[in-house]
Amino acid sequence: MTPALQVEGLGKIYGPGGAADVAGTGPDHGRVVSPSSGGVVAAWDVSFSVGAGEALGIIGESGSGKSTVLRCICGDETPTAGSIRLACVDGGGRDLTELGASARRALRIDRLAVVYQDPAEGLDLRLSAGGNVAERLTAAGWRNFGGIRSRAAELMRRTDVPLDRMDDPVKEFSGGMRQRVQLAKALANNPPVVLLDEPTTGLDASVAAAVLDLIRDLLDELGVAAVVVSHDFSVIELLTQRALVMQHGRVVEAGLTDQLLEDPQHPYSQRLVGAARG
């Protein structure tokens, strides 16, 4: 069975240099800046697959490369190397990195959704909650006002946004409520793949816990393939079945989330687990 998302050998270098300048970077050298060119090897040789109904976690501290990987998958960044394939695009045979910018943007309408750490990246704060969802639906071809309104209300209910606030501008919402609206917008057209980048960072602990519970329930209910990026192993533990640990742009350990938490092998993984366990 073709994975919903297949990533192979993904790499991203910022600045001068190319693959030849990867040497001298990574966990063994404790740096991401190439000693030969000064280019930043933000991520290199990252490979994984995610099936429908599965959630994969990518964990690491700031600068580990985890968010770079996610932004390359969704098209916010152009990879330096590697391939990205979705099962819903040509049966998984087409490498998305070969598509033009407009084609990549089209995928974001109904095949690949992103939930950003900062809701302002995924929402138009000038629009209402319902207007943000309607924007995604009309881009996918919805034209009936009643149908759009009904679908927006359904998504508000699913993401615990009060219906009496559906017509309020998102700029008036709290951070937690904005994140719920961003989830509603991301799920509007039932995308088979959802990417979540630090979805609760910056939220108060109680609000973050409620948003995480909501995300977990939605992932279980919808059966999508999900990639969850976080610096916090407790978030990865709650939401994912498998995980990758990244440090200095490289994957240093991969496995079942439970096994990584119970018996991490890499010293960096052990440190992250220790932090999560308090």
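Author: Axes are lines fitted to C-alpha atoms, for helices over the stretch in contact, and angles run from 0 to 180 degrees between N-to-C directions. Helices (H or I, at least four residues) are DSSP runs, numbered from the N terminus. In this structure, the axes of α4 and helix α6 (residues 175-186) come within 8 Å and cross at roughly 25°. The model is a predicted one, in which local features need pLDDT of at least 70 and side-chain atom pairs count only at pLDDT 80 or more, while totals for chains, interfaces and linings use all residues. Residues are numbered from 1 along each chain as its sequence is written, and side-chain values use heavy atoms, with hydrogens and water left out.

Reader: Into which class of orientation does the angle between α4 and α6 place them?

Author: Angles under 35 degrees count as roughly parallel, over 145 as roughly antiparallel, 65 to 115 as roughly perpendicular and the rest as oblique. The angle therefore makes α4 roughly parallel to α6.

Reader: Which residues make the contact of α4 with α6?

Author: Contact means heavy atoms within 4.5 Å. From α4 come A129, N132, V133, E135 and R136, and from α6 come V181, A184, K185 and A186. For the classes, Ala, Val, Leu, Ile, Met, Phe, Trp, Tyr, Cys and Pro count as nonpolar, Asp, Glu, Lys and Arg as charged, and the others, Gly among them, as polar. This contact has five nonpolar, one polar and three charged residues.

Reader: How do α4 and α5 cross?

Author: Helix α4 (residues 129-139) and helix α5 (residues 145-158) have axes that come within 9 Å and cross at roughly 120°. Because of that angle, α4 is oblique to α5. On the α4 side the contact is made by A129, G130, V133, A134, L137 and T138, and on the α5 side by I148, R151, A152, L155 and M156. By class, these residues are eight nonpolar, two polar and one charged.

Reader: At what angle do α6 and α7 pack?

Author: The angle between α6 and helix α7 (residues 205-222) is about 15°, with their axes 10 Å apart. The two helices, α6 and α7, are therefore roughly parallel to each other. Here G176, Q179, R180 and L183 of α6 meet V207, A210, V211, L214 and I215 of α7.
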